[in-house]
Protein chains: 2
Amino acid sequence: MATIYDIAKKAGVSTATVSRVLNGVNHPIKEETKQRILQIARELDYRPNVIAKSLAGGKSHTIALIIPSITNDFYTQICEVIEEKLEQKGYHTYLCNTRRSVEKESRYIESLIARKVDGVIFSPTRVKPEDNHVNLKNIEKLKKHGIAVVAFGSQFKGVSQIYINTYQGAFDATSYLINLGHKRISFIDGLSAGTRKSRRRGYIKALEEAQINFDPSLVTAGNLRMEDGYSCTLELLKLKNPPTAILAANNLMAIGALKAARDKGLHVPGDLSVIGFDDSLLSMVVDPTLTVIKQPLKEIGEAAFKLLINQLEGKQKLETIQLNTYIIKRESCGIPKKRG
Amino acid sequence: MATIYDIAKKAGVSTATVSRVLNGVNHPIKEETKQRILQIARELDYRPNVIAKSLAGGKSHTIALIIPSITNDFYTQICEVIEEKLEQKGYHTYLCNTRRSVEKESRYIESLIARKVDGVIFSPTRVKPEDNHVNLKNIEKLKKHGIAVVAFGSQFKGVSQIYINTYQGAFDATSYLINLGHKRISFIDGLSAGTRKSRRRGYIKALEEAQINFDPSLVTAGNLRMEDGYSCTLELLKLKNPPTAILAANNLMAIGALKAARDKGLHVPGDLSVIGFDDSLLSMVVDPTLTVIKQPLKEIGEAAFKLLINQLEGKQKLETIQLNTYIIKRESCGIPKKRG
DNA sequence: CTCCTTTAGGAAACCGCTTACCTTAATTAT
DNA sequence: ATAATTAAGGTAAGCGGTTTCCTAAAGGAG
């Protein structure tokens with residue numbers, strides 16, 4: 001493997017000159033010398049040793065993406081856009097999958113510090129409320145080591161972040177159902193989502209604005225899996241005055257609701273309307289196809305990238321970008337039937 | 001940030017001793033000295049500079065996983081098991097997403113060589129047949145640089161690899177349909193899958209064994225997307241003597257087939273049986289739920305890990321592991337109705 | 001023709017750690 | 001008692017670059 005030293009020898013110059021040429025440093029070099037060095041580098045099939053570069057230069061030109069799951073579209077689609085942009089900027093990306101384990105998240109943070117990554121885009125893993133504390137500590141550690149940090153999916157003070165307005169999303173979804181004529185609207189909340197409270201607030205706010213009484217018996221919560229949506233829905237349908245529409249905190253629970261309705265012999269959307277959060281192929285494959293509140297994945301990725309670059313280039317240390325959700329209307333919502 | 005040098009100074013020893021203690025090198029050290037050094041390291045909150053370690057030691061203790069897509073369960077599930085095992089062995093994992101671009105694959109290979117990864121687990125991207133040549137070149141490059149390589153998903157000579165017996169899978173799927181009583185069985189092949197030929201062979205072999213004439217008009221191919229399965233199915237159903245069962249090369253096309261059947265007013269499995277390759281949440285969410293040939297993801301991951309470790313530890317340089325698929329019976333296949 | 005800038009390039013310290021090769025003292029073997 | 005080991009630790013040369021000073025020659029100004 002050719003080194004910068006080999007090139008220097010063959011070109012009859014010093015390694016300093018070679019390094020300057022190869023890195024386009026702002027230092028005068030005779031055009032002829034430059035070309036000669038480049039030519040020799042090509043002949044020798046030279047590739048810089050990135051590790052040596054990092055050690056000498058202090059920058060690793062590597063960014064880490066920390067996400068709770070790589071088997072979840074929501075994250076991987078965001079990652080794809082971030083990674084694409086980073087590559088264009090000459091950064092390499094580490095994808096770190098915490099598998100929803102804060103311990104693993106912490107271990108990754110250690111490892112990334114040791115690996116001297118330049119920046120981290122971070123979607124914290126929060127299973128229990130206490131995890132928030134660990135998340136915060138991890139962010140502090142990174143910052144202490146001079147690593148740029150951007151967070152999305154949860155809110156922290158003192159960090160550049162993407163804030164997704166799920167409050168508005170829940171509000172819009174609920175309002176949509178209200179406008180269709182629904183009055184008994186259930187909300188199946190997620191037990192451990194980072195943005196829990198805001199969804200619930202949006203739901204309640206929409207009811208208020210339409211002057212519909214908030215009925216706590218219409219609100220439950222599940223663990224974001226299909227079976228949770230299924231069982232919650234069965235419970236809701238047992239009420240003396242059951243809902244005519246259900247808003248679920250994610251798409252899996254919404255699909256569970258769909259299944260429950262079918263098993264109960266209810267027609268969707270005729271007898272029950274269902275709307276979910278988060279879009280994916282799943283939403284288009286179920287029957288009826290699922291109306292959802294979609295988070296703007298591409299924009300999230302682009303925003304995260306932008307905030308990170310701003311930090312790396314020293315332009316802006318701390319900023320927040322707010323993004324809105326939007327509704328994708330498919331088949332699972334409709335006008336409620338009059339009840340007998 | 002504390003360095004090994006700081007520790008040495010504080011402990012009144014040389015960096016050599018510190019390095020030995022910290023790495024548990026086989027070199028005698030007085031227990032007392034050892035404890036003192038460890039204690040000081042703790043006090044100083046010392047973390048080794050992984051970059052310097054790599055440069056000095058020649059090993060980066062990093063493995064790269066190269067896959068064509070991170071938004072595809074098939075790959076991400078395999079990655080999860082590999083990564084888990086690698087972490088236990090003290091390796092860090094880079095996840096590289098080629099997005100089905102051979103150019104990107106090649107760029108990653110360059111980058112990984114420069115980053116001195118110790119090994120690569122590689123699922124080649126092959127969109128056009130010519131890509132095979134690029135894949136091979138990339139593998140050669142890695143090997144030339146002394147990097148351990150394990151491949152899965154395609155076959156190459158001279159590389160440790162996991163071979164998944166999709167021939168058998170297609171054979172089993174077809175035989176299953178035959179045993180249910182089907183005689184007109186269609187096969188919707190994938191246009192660019194690495195294992196194309198073997199699936200087709202398995203399909204034909206099953207027909208042969210059951211002494212059913214192979215009818216080429218029952219075989220088409222699509223581009224592995226839902227809409228391809230949909231349109232192919234519509235074409236097949238237009239035949240004067242249409243199939244009573246369809247075997248699709250992946251699950252998305254199988255789901256497309258399901259949709260086509262429904263749009264044609266056909267009942268699945270009453271009027272048409274459908275079986276797909278590759279399992280995912282999607283298969284369980286559609287109605288009817290999809291019977292599939294599943295590839296043993298966990299085993300693939302474990303096998304890939306094993307082959308890689310064998311190479312890294314110098315036990316075995318070149319080996320192949322063969323794994324079988326298995327059928328998951330759900331609702332989309334049944335006994336064909338007698339035709340009038 | 002001086003004096004000051006530029007232009008072009010080199011020397012070598014440094015990044016943080018590993019490791020081959022030594023040294024010295026303490027054991028053990030003979 | 002002497003030679004041969006072993007234990008415990010040190011020295012310093014890398015690993016492959018980057019970068020801060022320097023130097024020397026050439027160009028421009030006065």
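## Basis of the model

This is a predicted model, in which local features need pLDDT of at least 70, side-chain atom pairs count only at pLDDT 80 or more, and totals for chains, interfaces and linings use all residues. Residues are numbered from 1 along each chain as its sequence is written, chains are lettered from A and ligands numbered from 1 in the order in which they are written, and side-chain values use heavy atoms, with hydrogens and water left out.

## DNA strand D

Around DNA strand D there are 26 residues. A residue is near a strand if one of its heavy atoms lies within 4 Å of it. A:Ile4, A:Ser19, B:Thr17, B:Arg20 and B:Thr33 come nearest. Of the atoms of DNA strand D within 4 Å of the protein, 57% are in sugar and phosphate. By class, the residues are 12 nonpolar, 9 polar and 5 charged. Here Ala, Val, Leu, Ile, Met, Phe, Trp, Tyr, Cys and Pro count as nonpolar, Asp, Glu, Lys and Arg as charged, and the others, Gly among them, as polar.

An N or O atom in the A:Ser19 side chain is 2.4 Å from a phosphate oxygen of DNA strand D. For the side chain of A:Lys53, the distance to a phosphate oxygen is 3.4 Å. The side chain of A:Arg20 places an N or O atom 3.0 Å from a base oxygen. Two or more residues each come from helix 2 (15-23) and helix 4 (50-57) of chain A, and from helix 2 (15-23) and helix 4 (50-57) of chain B. Helices are DSSP runs (H or I, at least four residues), as are strands (E, at least two), numbered from the N terminus. Helix 2 of chain A gives the largest share, 4 residues.

## DNA strand C

DNA strand C is surrounded by 26 residues, and A:Arg20, A:Thr33, B:Ile4, B:Ser19 and B:Tyr46 are the closest. The surface holds 12 nonpolar, 10 polar and 4 charged residues.

The side chain of B:Tyr46 has an N or O atom 2.4 Å from a phosphate oxygen of DNA strand C. A polar side-chain atom of A:Thr33 is 2.6 Å from a phosphate oxygen. A:Lys30 uses a backbone N or O atom, at 2.8 Å from a phosphate oxygen. Helix 2 and helix 4 of chain A, with helix 2 and helix 4 of chain B, each give two or more residues to this surface. Helix 2 of chain B gives the most, 5 residues.

## Aromatic contacts

Over all chains there are 7 aromatic pairs. Rings of Phe, Tyr and Trp (its six-membered ring) pair if their centres lie within 6.5 Å; planes under 30 degrees apart count as stacked, over 60 as edge-to-face and the rest as tilted. A:Phe74 and A:Tyr75 are edge-to-face because their planes stand at 80°, with centres 5.1 Å apart. A:Phe74 is buried at 14% relative accessibility, and A:Tyr75 is buried at 10%. Buried means under 20% relative accessible area, exposed over 50%, partly exposed in between (1.4 Å probe, protein chains only).

B:Tyr203 and B:Phe214 also pair edge-to-face, at 6.3 Å and 80°. B:Tyr203 lies in helix 9 (residues 196-209) of chain B and B:Phe214 in the loop between helix 9 and strand 7 (219-222), so the pair ties together parts 11 residues apart in sequence. B:Tyr203 is buried at 1%, whereas B:Phe214 is partly exposed at 31%. In chain A, ring pairs link A:Phe187, A:Tyr203 and A:Phe214 into a cluster.

## Charges over rings

A:Arg199 lies over the face of A:Phe277, 4.1 Å from the ring centre. B:Arg199 has its charged end over the ring of B:Phe277, at 4.2 Å from the centre. The rule asks for NZ of Lys or CZ of Arg within 6 Å of the ring centre and within 35 degrees of the ring normal.

Note on methods
A polar contact is a pair of N or O atoms within 3.5 Å; within protein, one must be able to donate a hydrogen and the other to accept it, and residues adjacent in sequence count only if both atoms are side-chain atoms.
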